Amino acid sequence: MFGWKKQKQSAGTRALPEHIAIIMDGNGRYAKQRNRPRVNGHYEGMQNVKRITRHASDIGIKYLTLYAFSTENWSRPKNEVSYLMKLPGDFLGAFLPELIEKNVKVVTIGNGDSLPGHTVKAVAEAVEKTRDNTGLTLVFALNYGGRDELVRGIREIAEEVSTGKLAIEDISQATVDRHLYTTHMPEPEMMIRTSGEYRLSNFLLWQSSYSELFFTDTFWPEFTADELDEMISQYQKRSRRFGGLDEEEV
């Protein structure tokens, strides 16, 4: 481990990212390589959520957003979807006491209207019991889709315009930000995708416009704290110009 809390920021080296977002991909292929059912891969993936959450909390990350279930995942086999909907309750039932002890705050983003009642209940309990915690904010993206989020926000903005609460000429990027699920969070500095795929898959499309992207062939259940630390180290060495120039380039 790198011992981030003890490490001072040197010239040319950035501080820890405040917000890391992860597309947790490869659970099914992890299971297939071992001749196990796909749901076993999802189970092992959820165990790794515990490990990575612990580590992120320990090194001082402020926000960790995990793509748990997308709006497109409903097209998967019914038994797999049912298992995925059961996982949040199992995970939080076993892990919630430790999250509370570690001062972790649980929140969710996404459209909860289509989620089963037992999933909503389990998540709501975790959100309520950790709402006053001030450490790592663990964000589960459940029934989340970036395009769906933007459409939802556009409708809300259109409603404000139609009722006279907002003038068209006053619509800005800040207006859009206020109508996203993530309105009270910083944008992710790092976006990680596991399993060797190189796309965002409808995840935080607006928010990740200037995220530093990291890809690994490692399947999510095998993604380790050491690999995360190495990515953070790489992040700290990157130059984030946001369309501008470094001082030495001027």
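At what angle do α2 and α3 pack, and how far apart are their axes? I found an angle of about 30°, with the axes of α2 and α3 10 Å apart.

**Ground rules**

I noted that this is a predicted model: local features need pLDDT of at least 70, side-chain atom pairs count only at pLDDT 80 or more, and totals for chains, interfaces and linings use all residues. Residues are numbered from 1 along each chain as its sequence is written, and side-chain values use heavy atoms, with hydrogens and water left out.

**Entry: α2 and α3**

Helices (H or I, at least four residues) and strands (E, at least two) are DSSP runs, numbered from the N terminus. Axes are lines fitted to C-alpha atoms, for helices over the stretch in contact, and angles run from 0 to 180 degrees between N-to-C directions. I then named the arrangement: α2 and α3 are roughly parallel to each other. (Under 35 degrees counts as roughly parallel, over 145 as roughly antiparallel, 65 to 115 as roughly perpendicular and the rest as oblique.) α2 passes α3 in a right-handed crossing. (Right-handed means that the near helix is turned clockwise from the far one by less than a right angle, left-handed anticlockwise.)

I listed the residues in contact (heavy atoms within 4.5 Å). Among them are Tyr43 and Met46 in α2, and Leu87 and Phe91 in α3. By class, the contact of α2 with α3 has 11 nonpolar, two polar and five charged residues. (Ala, Val, Leu, Ile, Met, Phe, Trp, Tyr, Cys and Pro count as nonpolar, Asp, Glu, Lys and Arg as charged, and the others, Gly among them, as polar.)

**Entry: α3 and α4**

The axes of α3 and α4 come within 8 Å and cross at roughly 15°. That makes α3 roughly parallel to α4. The crossing of α3 past α4 is left-handed. Residues making the contact include Leu92 and Leu96 of α3, and Ala122 and Val123 of α4. I sorted the contact of α3 with α4 into eight nonpolar, four polar and two charged residues.

**Entry: α2 and α7**

How do α2 and α7 lie to each other? Their packing angle is about 45°, with the axes 10 Å apart. α2 and α7 are therefore oblique to each other. α2 passes α7 in a right-handed crossing. Ile52, His55 and Ile59 in α2 meet Ala225, Leu228, Asp229 and Ile232 in α7.

**Entry: pockets**

A pocket is an open set of points on a 1 Å grid over the protein atoms alone, where a 1.4 Å probe fits, with protein on both sides within 12 Å along at least five of seven lines; lining residues have an atom within 4 Å of a point. Grid points are joined across faces, edges and corners, and a volume is the space filled by probe spheres set on the points.

The largest pocket has about 640 Å³ of volume. It has 33 lining residues, and Met24, Tyr67, Ala68, Asn73 and Arg76 are the closest to its centre. The lining of the largest pocket holds 16 nonpolar, nine polar and eight charged residues.

The second largest pocket holds about 170 Å³. Its lining includes Ile109, Leu115 and Leu142. α4 gives the largest share of this lining, four residues.
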